[in-house]
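Q: Can we go through this structure together? I would like to learn how to read its features.

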Amino acid sequence: MKKISIILFVSILCFNSYAQRPLISHIYAADPSGHVWPTDTTTLWLYTSHDVPGTNHHATMFDYHVFSTKDRVNWIDHGRVLSLDDASWAVSHAWAIDAVYRHGKYYLIYCMIEKATGMFRTGIAVSDLPQGPFTDLGFIKGVEWGQDPCVFVDDDNRAYLYWGAGGGCSAAELNDDLLSIKPETKRDLKNELFEVFEGPWTHKYKGKYYLSYPALPGGQWPEQMYYAVADKPLGPFTYKGKYIPFFKGQAGTNHGSIVRFKNQWIAFHHASIVSDGKSEVRNLMADFLYYNPDGTINTIIPDNKSITNGEPTKCTILLEAESGKAAGGNTGGTSVESSFPGFSGKGYVTGFDIPHDYVSVLVQVSKDMKANLKIRLSSESDYKADILVGATMLAGWDGSPMKKTNGWELVDLGDVQLKEGDNIIRFSGKAKINLKLDYFLVTPEINK
Ligand code: FUB
């Protein structure tokens with residue numbers, strides 16, 4: 001009897017556990033586009049969509065996040081970088097995205113449904129920094145139903161846009177400013193991409209153009225990742241096979257990107273492991289990708305090694321104070337400056353000269369969780385400050401007098417409680433001279 005109970009218990013455990021390792025667990029994110037920019041080849045960037053906790057529909061998707069790493073184990077979540085509120089032309093569905101570096105600027109290429117037509121459009125937004133936040137520039141002209149965009153820049157610097165949804169896929173060369181396509185170059189790729197459904201991604205390997213995409217095998221969900229190869233960026237493409245077949249824990253959708261980082265090829269995609277199988281709340285995944293000598297891709301079976309050799313990833317949320325307003329927070333009576341050296345990002349927030357001047361940032365997490373909170377600040381005089389996490393004022397940070405600092409200091413505020421979804425952290429201060437706030441650092445307990 002005892003033996004049977006043990007067998008039963010072990011089988012229940014096995015049945016409920018996943019053999020695959022999520023890349024990031026503190027936030028529901030999907031549709032990852034990986035990039036290594038020529039400006040710094042030591043950093044890997046990931047541009048993703050974001051699923052709202054508790055939702056059962058992709059129509060609720062509202063904003064985008066950026067993540068970065070230098071070693072595949074330690075990650076930074078740079079917070080919200082663009083939302084529906086920033087795109088005056090759009091009404092809903094902040095779905096899959098990509099990013100591109102061009103002429104010294106970073107562009108987010110994304111899709112949302114247009115207010116005027118109810119049609120998916122391919123939006124474009126710009127930033128001076130890879131981590132954003134991004135400023136919307138409208139949508140790319142010449143693209144209709146531009147869901148799931150991806151941009152590929154060839155060695156000759158010509159840029160190409162690929163997009164696709166509902167069983168279709170198209171591509172065209174972009175004009176140099178990325179704001180419109182060259183209509184005469186547009187190609188319909190549907191018949192070259194076996195069982196394609198959506199989400200194209202193009203990369204180059206040994207002189208060939210690889211177009212990978214989520215497909216519906218035999219027209220049936222869930223999606224599986226296929227790829228095709230061409231001699232030219234716009235095809236014609238020849239179907240080559242499946243590179244991520246169905247795996248336990250995957251969502252109804254899959255969507256991926258393929259990128260080379262420090263001489264290793266990585267396939268990013270998504271699953272529903274963190275949400276325990278809820279298909280509309282997805283988590284990021286990554287696996288190493290290997291080519292065979294003939295250029296075909298070795299099938300990937302996601303496992304618990306991921307791209308960290310089995311080590312759990314650690315992810316810290318770094319929210320620059322000066323980005324607060326653009327990234328879902330706010331400012332009241334403060335200003336952004338950059339004259340005092342040693343700041344991170346584009347500057348810092350200062351001008352806390354009237355009681356309750358403040359800066360707030362948005363922290364988004366998948367479920368209720370504890371997190372460590374740190375702030376980086378500098379104050380040339382004693383000051384007063386209070387910090388609110390949601391509706392809770394932090395003990396000790398309730399307007400009590402604080403001592404001036406010796407330049408920039410990272411102050412550990414201990415553990416705070418975050419709730420599922422959106423959390424606003426607000427720093428209010430008052431100082432005689434030069435109180436400056438550089439960033440907020442939030443480390444969710446599950447990521448330590
Ligand atoms: O994330 C929303 C949609 O689900 C994407 O745009 C599709 O590719 C699928 O992953």
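Q: How far does a polar side-chain atom of D31 lie from an oxygen atom of the ligand?

A: A polar contact is a pair of N or O atoms within 3.5 Å; within protein, one must be able to donate a hydrogen and the other to accept it, and residues adjacent in sequence count only if both atoms are side-chain atoms. Here D31 places a polar side-chain atom 2.5 Å from a ligand oxygen. D148 also has a polar side-chain atom 2.5 Å from an oxygen atom of the ligand. For an N or O atom in the side chain of H255, the distance to a ligand oxygen is 2.7 Å. The protein covers 99% of the 280 Å² of accessible area that the ligand has on its own (Shrake-Rupley method, 1.4 Å probe; for residues, only the protein chains shown count as cover).

Q: Which residues surround the ligand?

A: A residue is near a molecule if one of its heavy atoms lies within 4 Å of it. The ligand's surroundings include M61, W95, E198, H270 and R282.

Q: What should I know about the model itself?

A: The model is predicted; local features need pLDDT of at least 70, side-chain atom pairs count only at pLDDT 80 or more, and totals for chains, interfaces and linings use all residues. Residues are numbered from 1 along each chain as its sequence is written, and side-chain values use heavy atoms, with hydrogens and water left out.

Q: What is the average pLDDT of the chain?

A: pLDDT is the predictor's confidence in each residue, from 0 to 100. The chain averages 95, and 96% of the residues score at least 70. Over residues 1–16, pLDDT stays under 50. Where pLDDT is low, the predicted coordinates should not be read in detail.

Key: Contact = heavy atoms within 4.5 Å.
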